[in-house]
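Visitor: I have a structure to look at. Please show me how to read its features.

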Amino acid sequence: MTTDHVRSILQGIVGSNHVFPSPDGPRLVVRPGTTEEVSRCLAALKERGMPVVTLGGLTGLVGGTDLFGAVVGLSTERLNKIHSLDPLRKLLVVDAGVKLEDVHRFVSEHGFRYGVDFGARGSCTIGGNIATNAGGNSVVRFGMTRANVAGIEAVLADGRVLSDTGGLVKNNTGYDLKQLFIGSEGTLGIVTKAVLKLTRPSHDTASVLLALNSLDDALHVMATLEHRCGASLLSMEIMWYRYFKTVSAAISKGAPPPLSDAFAFYILAQVEGVDGEASAHDILVRALDGIDVIQDSALADSHARQEAFWAIRDGSEFIETSHPSVLSFDVSMRPQDYSTYVEKVEQRLGERLPNAVPYNFGHLADGNVHFMIGHDNTVPDADHIIEACVYETLSGYSPTSVSAEHGIGREKADHLWRSRSVEEIAVMNAIRSTLDPAGILNPHVQYRPRPAGGAGRS
């Protein structure tokens, strides 16, 4: 099957302007504009045995959208319509290619909010968020993407359209099929539409930046704020000193940061006011009262001041450019295991790759640690050494996940067995082979059991 022949078939479906070569090689990218066009493209490609990689906002960090070999990239870029808002049920129907930031802007203009939010909001798409079950800054309040989706429309590998867009709160008629596709990384079908759950926002929010000496102190603050703030608590993030120091210096450009960068840990928490009861500022002040482990603090209740605090937490791009090579990881565990785990990772790095520099931050309350580890490319096997330090150490803890937010992609396929049992992996592969028996959808995303002789869960 020649590329020219496949191109001609796809052009007949979507038009000549929406099929073009991939920038990184002799592969094709097709941009369907409707669910029907996605269906026809997949049916045609499946008939010809052509593998397909779904392309969303291309903000993933695990190689989930890599184009390789004789594959066709199917972009959701033109699936970019916001279809309808149901204000009574607080539901929004959108295409998969709509950007997260556009959802936030639209619902805000109509007096609502969508609970999923993170730094890549301006580039990532709803379909990609669903495919990876994206998390972000407000999981402590709203949960992962999985908890914020009321329905989806997806096209299966053979072109059939599966539609579950009724958005009913109660529907106890068998399997909740939409949940299969959330977190499936495009291996079961291509999501084309989503029904998103909305809430009414409070326009009164406040954020506080806290400096602490130890992780135990951070956990104490976390437990206290969760208890005292209750449902008012929107976010609780943590930054280790090197991350805070590097990003705050890059952002401030010589001006002093909000707090001294001399402390070991920093917590950034955000709360919202309760209508007619208490302001966000008052809730935070009362919640912090009497917590004697706090070494320094800065409270922000203006929008601009809060944005300045959050710019530090979301400033990982400054880490990405601070070394010739930077690897990113997102692991999860019980928050009480943070301290010894991070210490062991850094100890192993110091022994095996002394020039590696770790920058740690994460979502404190939901157990998600992000590592960004930079090195200077002078050691040929540095990436492999760093991965071993992160993942081999993780295998000594339970429960854990090698991917808290970003998915498996290509980069984590060899480590899935560290977090999933043989039985779990077998069931995932069985579901996949049932919905895509020819294996054409994102074939590079693989659920492999542990290798012979490997240690891990069984």
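**Aromatic rings and a helix pair**

Guide: Trp 240, Phe 265 and Tyr 338 are linked into a cluster by ring pairs. Rings of Phe, Tyr and Trp (its six-membered ring) pair if their centres lie within 6.5 Å; planes under 30 degrees apart count as stacked, over 60 as edge-to-face and the rest as tilted. This is a predicted model: local features need pLDDT of at least 70, side-chain atom pairs count only at pLDDT 80 or more, and totals for chains, interfaces and linings use all residues. Residues are numbered from 1 along each chain as its sequence is written, and side-chain values use heavy atoms, with hydrogens and water left out.

Visitor: How many aromatic pairs does this rule give?

Guide: A pair of aromatic rings is described by the distance of the centres and the angle of the planes. Here the count is 8 aromatic pairs. One of them, Phe 329 with Tyr 391, is edge-to-face, at 5.5 Å centre to centre and 75° between the planes. Phe 329 sits in strand 14 and Tyr 391 in helix 13, so the pair ties together parts 62 residues apart in sequence. Helices (H or I, at least four residues) and strands (E, at least two) are DSSP runs, numbered from the N terminus.

Visitor: Is Phe 329 buried or exposed?

Guide: Phe 329 is buried, at 3% relative accessibility. Buried means under 20% relative accessible area, exposed over 50%, partly exposed in between (1.4 Å probe, protein chains only). Tyr 391 is also buried, at 2%.

Visitor: Which residues of helix 7 and helix 9 meet?

Guide: Thr 224, Leu 225, Arg 228 and Cys 229 of helix 7 meet Ile 283, Arg 286, Ala 287 and Leu 288 of helix 9 (contact: heavy atoms within 4.5 Å).
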